[in-house]
Amino acid sequence: MLYLTHKVATLLELLVSAQPNLEISGFGKVRIADGGADATITDLYIPAQTVGAAPVDVTGAYLTQAITKIAERGETLRDWCCVWHSHGQLGTDPSAVDKDYLMTFAEQYEFMFGLVTNARGDLRGYYAQTVPIVLQADRIDVAVEPAEYKGLRARADEMLKVVQKEAPLTSYAGLDRLG
């Protein structure tokens, strides 16, 4: 399952609605959970690119610039292992070009998620990996997390384990001298 945080889903909607007739592309920062069964896109990055109503050009110098910007954050494309793009007014089925582009990244980074969206807000996930075997999945379920972050209650409970409740006040040093 591929999840989007509420923030990421909202950003995608705003980005695509600003340019509904163009294909734009970027990378998604991914948090892997449940031993790889679930992945959550937690942030988006849009590199410099040439866009149009057909395939996006995020190759060559644009790609080098994107990887450099990500590296300046102390991260790699392993952290940003989702390639997302919009299909403007079209559907969200990944094209053969989309799948080949994703596999190119998977060959360098072992695996990569893909996400296609459009001006209607439709979402479609797909996946490619090269280790331990070559595998492509053309359809991965996508869900948007609710505005409150998934697992926040468990995190708060865990954080509170270090908080100790004080014993009831029965005396205070020096209070008895006040009389």
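Select Gly125 and Ile140: Gly125 stands opposite Ile140 in strand 7. Strands here are DSSP runs of E of at least two residues, helices are runs of H or I of at least four, and both are numbered from the N terminus. Strand 6 and strand 7 run antiparallel and are joined by four bridges; two strands count as paired if DSSP finds at least two bridges between them. Show the link as well: a hairpin of five residues leads from strand 6 to strand 7.

This is a predicted model, in which local features need pLDDT of at least 70 and side-chain atom pairs count only at pLDDT 80 or more, while totals for chains, interfaces and linings use all residues. Residues are numbered from 1 along each chain as its sequence is written, and side-chain values use heavy atoms, with hydrogens and water left out.

Eight of them form an open sheet of mixed pairing, in the order 7-6-5-4-2-3-1-8. The edges are strand 7 (135-140) and strand 8 (142-144), each of which pairs on one side only. Neighbouring strands are turned against each other by 25° on average, direction ignored; axes are lines fitted to C-alpha atoms, for helices over the stretch in contact, and angles run from 0 to 180 degrees between N-to-C directions.

Go to strand 8. Strand 1 (residues 2-4) pairs with strand 8 in the parallel sense over three bridges. Select Tyr3 to find one partner: its bridge partner in strand 8 is Ala143.

Next, select helix 1 (residues 6-18), which packs on the sheet. Helix 1 touches strands 1, 3, 4, 5, 6 and 8, and its direction makes about 45° with that of strand 3 (38-45). Contact means heavy atoms within 4.5 Å.

**Helix 2**

Move to residues 60-72. This is helix 2, lying across strand 2 (25-33) and strand 3 and running at about 105° to strand 3. Its 13 residues reach 18 Å from first C-alpha to last, close to the 18 Å expected at 1.5 Å a residue; the expected span is 1.5 Å times one less than the number of residues.

Which residues of helix 2 are buried? Select Leu63, Ala66 and Ile70, which are buried. The buried residues fall within an arc of 60° seen down the axis, so they line one face of helix 2; the arc is that of the directions from the helix axis to the C-beta atoms. Their cover includes strand 2, strand 3 and helix 3 (96-109). On the other side of helix 2, Ala61 and Glu72 are exposed. Buried means under 20% relative accessible area, exposed over 50%, and partly exposed in between (1.4 Å probe, protein chains only). Just after helix 2, select Gly74, which takes a positive phi of about 80°.

**His85**

Select His85, in strand 4. His85 is buried, with a relative accessible area of 6%. Its side chain makes a polar contact with that of His87 (3.0 Å). A polar contact is a pair of N or O atoms within 3.5 Å; within protein, one must be able to donate a hydrogen and the other to accept it, and residues adjacent in sequence count only if both atoms are side-chain atoms. Leaving aside neighbours within four places in sequence, His85 is in contact with Glu23, Ile24, Ser25, Asp98, Leu115, Val116, Thr117 and Tyr126.

**The whole chain**

Zoom out to finish. The protein has four helices and eight strands, and of its 179 residues, 36% count as buried.
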